[in-house]
2 protein chains.
Amino acid sequence: MSQLLRVQNFNVSSDGIGAGENQSFESPFGLDPGAMFAWGGATASWPTRTDPGGSRGLDDYFTRDFARNIGAEIMGRNKFGPQRGPWEDHEWLGWWGDEPPFHTPVFVMTHHKRPSFTLSDTTFHFVDGDPATILEQAREAAQGKDVRLGGGVTAIKQFLDADLVDTMHVAVSPITFGTGLRLWESPEELRDRFHLEIVPSPSGVAHHLFWRK
Amino acid sequence: MSQLLRVQNFNVSSDGIGAGENQSFESPFGLDPGAMFAWGGATASWPTRTDPGGSRGLDDYFTRDFARNIGAEIMGRNKFGPQRGPWEDHEWLGWWGDEPPFHTPVFVMTHHKRPSFTLSDTTFHFVDGDPATILEQAREAAQGKDVRLGGGVTAIKQFLDADLVDTMHVAVSPITFGTGLRLWESPEELRDRFHLEIVPSPSGVAHHLFWRK
């Protein structure tokens, strides 16, 4: 079995928006994503859940699959932090706190060099290059396991454009944002290259499952 | 998180039947289960798949969850083999071949003693006792991971009656058998103790997801 590149639990609004245009330190998403993520936070297996309990129905199958057989993650720079241009503050170590929920090497896409560092069992590497080159690095680090493409919208679109995505789970939440960074006009756009199953959940989310034809 | 007792990918007909009455060496299920299992065999992650390919839609989320965080399995004697009464042929090592799909310790419920043995990375133990006692043994062997309750119908009903099951995934296939070993008259019977989500799949199967209230 080859190493898949998988999008897992990526969340967009019903109008296809994954984040706002105006990301900032105070607003990592550039909009209030609470209602978008509510379905995931309610599950027993949500990666950042700290208290016991949570649902174990359909939605939990998706959140519990987040880490299964994943050996590395690739993320866009804006998922790491709000900075633009050269890194000026090496002391700030990203949005993800002392115990990042990745537990693998993470490859942050950026044109600006920065030394790698480790927080708990997650090591962040800062890499420049085209998607295929970065994927090659991540696959090597993943030691035979799959690679998660963590987002955001821009990073996923880059890998889709390069035809490097093998499977994709996108949760479409029953809210609209109107403006922002849009993953798609419609998921139908991807049917030429992917199988697509759309699975409605009792939580109101529609799970969109893509796999390569 | 405590160690859960999980039923995974257990399959019944639309009339709730998991196996026939007349199991034999030639007919492990006592009926032809091919149409019942077709949804699972079509997925990329079916445990006994040997060729590449397979679907990666909703059904695959269930088959790929089969082994996640499982440290031991409990099965009824009839899932191991068709023998009844004392073990007379110790050379026959069960239905599961040289590479059983369990990859953990397996506890076979039987009133008749038999020495443990190992095939590849699966060790079969033969245990007598009430469900709670057997679960305690399996939990210890699972070393902190969950325990899968592998079936068949009779074993699952014993553990349900003892109120020891934490989560249960039952795939209900769009066929009827009419007679056989019945898991339920209706899944509604379990709603007093369990949350229940019923998720229809494009394959025609209805995934029934139970978790303890």
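A residue counts as buried when its relative accessible area is under 20%. By that criterion Tyr61(B), with a relative accessible area of 6%, is buried. The structure described here is a predicted model. Tyr61(B) belongs to helix H2 of chain B, which spans residues 58-64. Apart from residues up to four places away in sequence, Tyr61(B) touches Tyr61(A), Phe62(A), Asp65(A), His169(A) and Leu209(A) in chain A, together with Arg56(B) in chain B. The C-alpha atoms of Tyr61(B) and Thr48(B) are 16 Å apart in space, and the two residues are 13 positions apart in sequence.

The arrangement of the two chains was examined next. Chain B is superposed on chain A by a rotation of 180° with 0.0 Å of shift along the rotation axis, and the RMSD is 0.0 Å. This is the relation of a two-fold axis. Of the interface residues of chain B, 100% are also interface residues in chain A, so the copies meet through the same surface.

The overall form of chain A is as follows. Five helices and eleven strands make up its secondary structure. The chain has 213 residues, for which a compact globule would have a radius of gyration near 17 Å; the value for chain A is 16 Å, which agrees. Along the principal axes, the C-alpha atoms fill a box of roughly 45 × 35 × 35 Å. Buried residues make up 53% of the 213 in chain A. Among contacts in chain A with a separation of 6 or more, 63% are between residues 24 or more positions apart.

The surface and charge of chain A were also computed. The chain exposes about 9,500 Å², of which 51% is supplied by carbon and sulfur atoms. There are 19 positive and 28 negative side chains in chain A, and the centres of these two sets lie 4 Å apart.

Asp60(A) lies in helix H2, residues 58-64 of chain A. With a relative accessible area of 0%, Asp60(A) is buried, because the cut-off for that class is under 20%. When residues up to four places away in sequence are not counted, Asp60(A) touches Thr43(A), Ala44(A), Ser45(A) and Ser55(A). Gln8(A) is placed in strand S1, residues 5-13 of chain A, and counts as buried at 7% relative accessibility. The C-alpha atoms of Gln8(A) and Leu209(A) are separated by 9.6 Å, although the two residues are 201 residues apart along the chain.

In chain B, Ala38(B) is found in helix H1, residues 34-41. Its relative accessible area of 46% makes Ala38(B) partly exposed, since that class lies between the 20% limit for buried and the 50% limit for exposed. Ala38(B) and Val205(B) are 167 residues apart along the chain, and their C-alpha atoms are separated by 9.5 Å.

Backbone geometry was considered last. Most residues other than glycine have a negative phi, and most peptide bonds are trans. In chain A, Gly151(A) and Gly152(A) are joined by a cis peptide bond, with omega about 0°. Gly152(A) is in the loop between strand S7 (146-149) and helix H5 (153-161) of chain A. In chain B, a cis peptide bond likewise joins Gly151(B) and Gly152(B), with omega about 0°, and Gly152(B) lies in the loop between strand S7 (146-149) and helix H5 (153-161) of that chain.

Positive phi values occur at two residues described here. Gln143(A), a residue other than glycine, has phi near 50°. Gln143(A) is placed in the loop between helix H4 (131-142) and S7 of chain A, and at 72% relative accessibility Gln143(A) counts as exposed. Asp163(B), also a residue other than glycine, has a positive phi near 55°. The loop between H5 and strand S8 (167-173) of chain B holds Asp163(B), which counts as partly exposed at 36% relative accessibility.

Methods: Residues numbered from 1 in each chain as written. Chains lettered and ligands numbered in written order. Predicted model: local features only at pLDDT ≥ 70, side-chain atom pairs only at ≥ 80, totals over all residues. Heavy atoms only, no water. Helix = DSSP H or I, 4+ residues; strand = E, 2+ residues; numbered from the N terminus. Rg over C-alpha atoms; globule rule 2.2 N^0.38 Å. Buried < 20%, exposed > 50% of the residue type's maximum accessible area, 1.4 Å probe, protein only. Contact = heavy atoms within 4.5 Å. Areas by Shrake-Rupley, 256 points an atom, 1.4 Å probe, with all protein chains shown as cover. Lys, Arg positive; Asp, Glu negative; His and termini not counted. Charge placed at Lys NZ, Arg CZ, Asp CG, Glu CD. Least-squares fit on C-alpha atoms with pLDDT ≥ 70 in both.
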